[in-house]
Amino acid sequence: MVPNQRSWDLDLIVDIFNSRDKELILQIPLSYRRESDVWYWLHDPCGVYSVRSCYKYLTHRDTNSSTRKVRNFLWRVATNVLPIADNLVRRRVDIMPTCSLCNACNETVTHALLECGFAKSCWISSAVGVLGHYSSFLDWLELIFSTYSWENCQLAAMVCWRIWIHRNDRLWNQRNISALQWQNARKQPFLADVDAVKGNHGAVCWEKPCFGWLKCNIDAAIFKAQGKFSNGCVIRNSGGDFVTARCECFPGIFGSREVEALGIREALSWIKRLQLPSVIIEMDNLQVFHALTENFSNPNGFGLIIEECRSLAMSLGEVQFSFVRRSVNSAAHSIARAGGSMSGPGEWSHVPPPCLLNYL
Ligand SMILES: [Zn+2]
């Protein structure tokens with residue numbers, strides 16, 4: 001660390017550590033206070049090691065529910081137990097063997113997932129493209145896994161899965177979508193982590209603070225692919241007018257509650273620098289709100305960030321914490337997202353940035 005500063009010594013870290021360790025070190029949020037180091041088990045909410053939490057981590061790592069479904073689906077394809085027309089007819093189920101999407105060929109796995117018109121247009125528009133020479137679906141899969149990068153293998157698996165979902169939707173729900181709508185839909189599983197824990201509680205519309213008070217709406221955004229997160233805050237007065245806004249992006253991959261709590265810590269520290277009195281801190285993360293307002297105490301990373309928020313709030317004039325629905329917090333959400341594409345911190349006074357104009 002840089003002596004007497006709350007920041008990592010980047011040059012020193014680059015000199016000493018390999019790139020993997022460098023990334024891991026830079027992901028550790030640094031405390032505002034002088035805290036002694038403690039051992040903390042990352043895979044338990046309380047930071048305490050247990051065999052159960054370790055087992056859970058080992059069996060579920062890198063696997064959210066959608067990737068588990070895709071793996072299961074690929075296994076079913078590979079073992080030829082997918083309930084596709086060709087398989088069902090061979091098992092003497094009385095159905096038409098033709099493809100339900102094009103009615104032009106018998107529905108085999110290869111046809112449904114790779115060669116049917118709809119499937120083909122999906123592959124053409126993906127980074128995987130259309131492969132020419134394969135004798136079976138397994139042959140195609142082997143070709144993909146032996147020639148493509150890990151990212152594109154994952155993409156290929158996800159495209160297969162989405163084509164199958166579309167086929168079932170068409171067959172059972174008579175729902176039809178264009179390749180463009182499908183392209184947007186297939187991005188959803190990858191983006192799910194950004195908004196996974198947003199709650200739907202609290203006030204339903206933004207309310208002005210009482211006379212003499214300011215309201216600071218805070219939100220955070222996670223950019224998992226780029227390994228960073230950003231937080232944004234917007235301060236308005238009792239007339240509902242824009243006062244000031246700020247956003248900043250940081251390296252690191254944390255859970256959403258940690259990221260939201262870090263955003264509140266940054267905002268409180270900023271409010272302290274601006275010497276603003278009587279501020280309502282409004283957020284849309286219920287877990288963080290409860291941790292800040294109830295007697296939450298944990299020796300883990302999240303607990304320490306919450307303690308720092310509380311200590312900063314105590315050092316300010318008057319501070320209240322408030323929880324709102326996510327839809328009410330759209331101004332803060334918008335500026336937090338804008339922070340992800342900026343090269344450094346952004347700060348605006350009196351005149352709001354363009355990304356806020358629709359929300360004020
Ligand atoms: Zn077809």
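His 350 lies in the segment after β6. Phi of His 350 is near 70°, a positive value in a residue other than glycine. His 350 counts as exposed because it has 8 C-beta neighbours inside 10 Å. The cut-offs are these: a residue is buried with 20 or more other C-beta atoms within 10 Å of its own, exposed with 12 or fewer, and partly exposed in between, with C-beta atoms placed from the backbone.

This is a predicted model, in which local features need pLDDT of at least 70, side-chain atom pairs count only at pLDDT 80 or more, and totals for chains, interfaces and linings use all residues. Residues are numbered from 1 along each chain as its sequence is written.

**Loop residues**

Ser 278 also has a positive phi, of about 45°, although it is not a glycine.

| Residue | Loop | C-beta atoms within 10 Å |
|---|---|---|
| Ser 341 | between α14 (330–339) and β6 (346–349) | 11, exposed |

Ser 341 and Glu 248 are 93 residues apart along the chain, yet their C-alpha atoms are separated by 9.9 Å.

**The whole protein**

The protein has 14 helices and six strands. Of its 360 residues, 27% count as buried. Take the contacts with a separation of 6 or more: residues 24 or more positions apart account for 65% of them. Two residues are in contact if their C-beta atoms, placed from the backbone, lie within 7 Å.

**An enclosed helix**

Why is α14 largely enclosed by the rest of the structure? Eight of its ten residues are buried, so the rest of the structure largely encloses it. Among the buried residues of α14 are His 333, Ser 334 and Ile 335. Their cover includes β1 (214–223), β2 (228–236), β3 (242–251) and β6.

**Two helix pairs**

Two packed helices are described by the angle between their axes and the distance between the axes. Axes are lines fitted to C-alpha atoms, for helices over the stretch in contact, and angles run from 0 to 180 degrees between N-to-C directions.

Helix α11 (residues 256–274) and helix α13 (residues 301–315) have axes that come within 9 Å and cross at roughly 20°. The two helices are therefore roughly parallel to each other, a label for angles under 35 degrees. Their contact includes Ile 264 and Leu 268 of α11 and Ile 305 and Cys 309 of α13. By class, this contact has ten nonpolar, three polar and five charged residues. Ala, Val, Leu, Ile, Met, Phe, Trp, Tyr, Cys and Pro count as nonpolar, Asp, Glu, Lys and Arg as charged, and the others, Gly among them, as polar.

Helix α7 (residues 117–124) and helix α9 (residues 150–173) pack at about 150°, with axes 11 Å apart. Phe 118, Ala 119, Cys 122 and Trp 123 of α7 meet Val 159, Ile 163 and His 166 of α9.

**The cores**

A nonpolar core is a set of buried Ala, Val, Leu, Ile, Met, Phe, Trp, Tyr and Cys residues joined through C-beta atoms within 7 Å. The largest has 42 residues, of which Ile 264, Cys 309 and Ile 335 touch the most other members. Apart from it lies another core, of 20 residues, including Cys 99 and Trp 164.

How values were computed: Helices (H or I, at least four residues) and strands (E, at least two) are DSSP runs, numbered from the N terminus. Angles under 35 degrees count as roughly parallel, over 145 as roughly antiparallel, 65 to 115 as roughly perpendicular and the rest as oblique.
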